[in-house]
Amino acid sequence: MVQVAPAKQVSKPAPKGKALVAWMMRFVYPPRCLACGEETETEKALCAPCWADTYFTTSPSCDMCSAPLPGEPTEEKLLCDACLYYPQSWVSGRAVAVYSGTARRIILSLKHGDRLDIAPPLGRWMAAAAVDVLADTDVLVPVPLHWSRLLRRKYNQSALLAQGVQGETGVPLIPDLLIRRRKTSMQKGMTKAERLENQRQAIIPNSKRLAHLRGKRVLLIDDVLTTGATLSACAEACYSGGADVVNTLVFARVATDR
């Protein structure tokens, strides 16, 4: 993924009409960093310190789980040792950043801080990180929440990120294509084996949406990849419903051994 530096401000003629109103609003409410709230030069961006504290996923990385790999940048598809010996349930996976520093703070703000405003720009970054995969995608599918958790949280952060990706790409989004039929335990602190057992048969395809799944190339979308247990359960549900290919896209992935 190529990192693009914020555009420099250029002097422009005095605005008029609606442009003047927009200019005044910008003067009164200057753009703020998505992570820390400091003023920035551009809308929906990161300030320099937060940008420097974001560890973007760049080449070389695992084609299946986006784990950073040693070596020089390459266009060759590589797999990390974990995915080589224990392949995931999907084909290819993409991530914007490593789950640490600024990326971690942003995700926690979205997930637990009601910062719904940051979902669209995160979705834009995710779309940029998965250009190659999105070119062969028929439908976007967010990882589902159980209805009780959705009721408590009031929104599904994965669905919001998927909306951001859809807005950038125009790829159809089916937010209820998968259903979480069983409430699962919080997975923090669980081993991969425990996470897999926790997710077993918890997610199924929506019988009313199977026409959008059969023979389709699916892109699963979530906020964070840790061991891949949740995304694996979703991928298996998609395949059971007749999906042809399943890939994944997350904003951040935890850089730990699986």
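Start by selecting strand β5, residues 217–225. Keep in mind that this is a predicted model. β5 is mostly covered, with 8 of its 9 residues buried.

Select strand β2, residues 139–142: β2 and β5 pair in the parallel sense over 4 bridges.

Next, bring in β6. It runs parallel to β5, and 8 bridges join the two. Show Leu 219 here and you'll find Asn 247 of β6 opposite. How does the chain cross from β5 to β6? Trace it through helix α10, residues 229–240: this β-α-β crossover is right-handed.

Time for some rings. The structure holds 2 aromatic pairs. For one of them, select Trp 51 and Phe 56: the ring centres are 4.9 Å apart and the planes sit at 50 degrees, so this pair is tilted. Is Trp 51 buried or partly exposed? Trp 51 counts as partly exposed, because its relative accessibility is 25%, while Phe 56, at 11%, counts as buried.

Then hop over to Trp 125 and Phe 251. Their ring centres are 6.2 Å apart with planes at 25 degrees, so this pair is stacked. Trp 125 belongs to helix α5 (residues 119–129) and Phe 251 to strand β6 (residues 245–253), so to speak a link between distant parts of the chain, 126 residues apart. Trp 125 counts as buried at 14% relative accessibility, and Phe 251 is buried too, with a relative accessible area of 1%.

How values were computed: Residues numbered from 1 in each chain as written. Predicted model: local features only at pLDDT ≥ 70, side-chain atom pairs only at ≥ 80, totals over all residues. Heavy atoms only, no water. Phe/Tyr/Trp six-rings, centres within 6.5 Å; stacked < 30°, edge-to-face > 60°. Buried < 20%, exposed > 50% of the residue type's maximum accessible area, 1.4 Å probe, protein only. Pairing = 2+ DSSP bridges. Right-handed = clockwise from strand over helix to strand, strands pointing away.
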